[in-house]
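I opened my notebook to write down what I looked up, one item at a time. Here is the structure I was working from.

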Amino acid sequence: MKQYDLPKEGVRRPEAIFRASKLVMGKLSLLGLMLFVLGTPARAEPWPTPSEGEFTLQNFHFESGESLPSLRLHYRILGSPRRDAAGVVRNGVLILHGTTGSGRQFLTDHFAGVLFASGGLLDASRYFIILPDGIGTGQSSKPSDGLHARFPSYDYHDMVRAEYALVTEGLHLNHLRLVMGTSMGGMHTWMWGEMYPDFMDALMPLASLPVQIAGRNRMTRHMIMDSIRNDPEWNRGEYKTQPRGLTAAAYIMLMMGSSPLQWQKQAPTQEAADQMLRSMVDGLLGRADANDWLYQFNASRDYDPQPELEKITSPLVAINSADDQVNPPELGIAEKEIKRVKRGRFILLPITDQTRGHGTHSLPAVWKQYLAELLAASGR
């Protein structure tokens, strides 16, 4: 079969950015970053209602040497798998969420409504879409289920291995059309390309970098973990109510993903800024657990795809935005490392009225043209 290579362009700045709809903008202006950290509840969905399920891995062994007799992975699926004459599934799409999120975060107007609805690039009537909750998140096995600080110290390798087991053993797929992810999910996408290079047709990591987490990124994660662990109320994970250190951690997390330009527009007065901060912090704390956060941020400690980037053989398009404070463009890392990916391409989105800092990863209206090009370039 003929293979199609992506253009070897390094960085490409789009001449035109797709405008987000008024509905998207309305949602964004309410809580800003919170829409991306936690996802918004779906309304009357123009996409199919997903099926939900759980897959259990027995006697799962972690990179730390620890194990769980039973590891539960929750997932959501839309559409149905389709196999070719050789029995290979050709329409599977795996979409991976960010650090404190879950697969549910993609079931929103501004994500599913753009990609999964009829006529969308990932129309659920044509694709089999898989939205898992990673280890330690959502409805999958996590510290807050009861083990607290005795839960195994999982890392990204454990999470990716479990995702692969879900796809192959749980859902019985032998191939994926696309692996894509946002933030932590983007980092997992780089790892999928190295760990299972022949398993997918295409890769799209969003809001991530293919190097070890260091510099300010690592420092802010350390601040979040220290805010929890250094609070006496944490009590080595055996707290009865959420420790006050979780609030300090929430402050840091909000600053990590903030968009200075958009926050100024959304809160142009002192009163508006105070109210917006209260709303965002309350939204975070209403769904957060200190032990879960501690494990979720600590899981990134082993991430470092840089040494093996040449192993990635599938077409890959990495997308970051210029107002992303987690992966700021002045580092120049993506531009340098993408040259080592044989069929890789890096897109840097300029700051516009549509971008939302790190949270731009959840606005496909801004970057869907590059997904369309990737699907076309990697098609059979």
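**Before starting.** I reminded myself that this is a predicted model.

**Entry: helix α5.** I started with α5, which runs over residues 184-195 and has twelve residues. From its first C-alpha to its last I noted 16 Å, close to the 16 Å expected at 1.5 Å a residue. Then I asked how many residues of α5 are buried. Eleven of the twelve are, so α5 is largely enclosed by the rest of the structure.

Entry: I noted about 230 Å³ of space in the second largest pocket. Its lining is made of 16 residues. Which of them lie nearest the centre of the pocket? I wrote down Leu209, Ala214, Asn217, Leu331 and Ile333. Helix α6 (residues 215-229) gives the largest share of the lining, three residues. Sorted by class, I got ten nonpolar, five polar and one charged.

**Entry: two positive phi angles.** A general point first: most residues other than glycine have a negative phi. Alanine 207 is not a glycine, yet its phi is positive, about 55°. I found alanine 207 in the loop between β7 (203-206) and α6. Is alanine 207 buried or exposed? Its relative accessibility is 6%, so it counts as buried, the cut-off being under 20%.

Arginine 236 also has a positive phi of about 55° without being a glycine. This one sits in the loop between α6 and α7 (245-256). Arginine 236 counts as exposed because its relative accessibility is 70%, and exposed means over 50%.

**Entry: serine 102.** Last, I went to the loop between β4 (92-96) and α3 (112-115), where serine 102 is found. Serine 102 has a relative accessible area of 12%, so I put it down as buried. What does serine 102 contact, leaving aside its neighbours within four places in sequence? I listed His97, Pro132, Asp133 and Gly138.

Methods. Residues are numbered from 1 along each chain as its sequence is written. This is a predicted model: local features need pLDDT of at least 70, side-chain atom pairs count only at pLDDT 80 or more; totals for chains, interfaces and linings use all residues. Side-chain values use heavy atoms; hydrogens and water are left out. On a 1 Å grid over the protein atoms alone, a cavity is a set of points where a 1.4 Å probe fits but cannot get out, and a pocket is an open set with protein on both sides within 12 Å along at least five of seven lines; lining residues have an atom within 4 Å of a point. Grid points are joined across faces, edges and corners, and a volume is the space filled by probe spheres set on the points. Helices (H or I, at least four residues) and strands (E, at least two) are DSSP runs, numbered from the N terminus. Ala, Val, Leu, Ile, Met, Phe, Trp, Tyr, Cys and Pro count as nonpolar, Asp, Glu, Lys and Arg as charged, and the others, Gly among them, as polar. Buried means under 20% relative accessible area, exposed over 50%, partly exposed in between (1.4 Å probe, protein chains only). Contact means heavy atoms within 4.5 Å. The expected span of a helix is 1.5 Å times one less than its number of residues.
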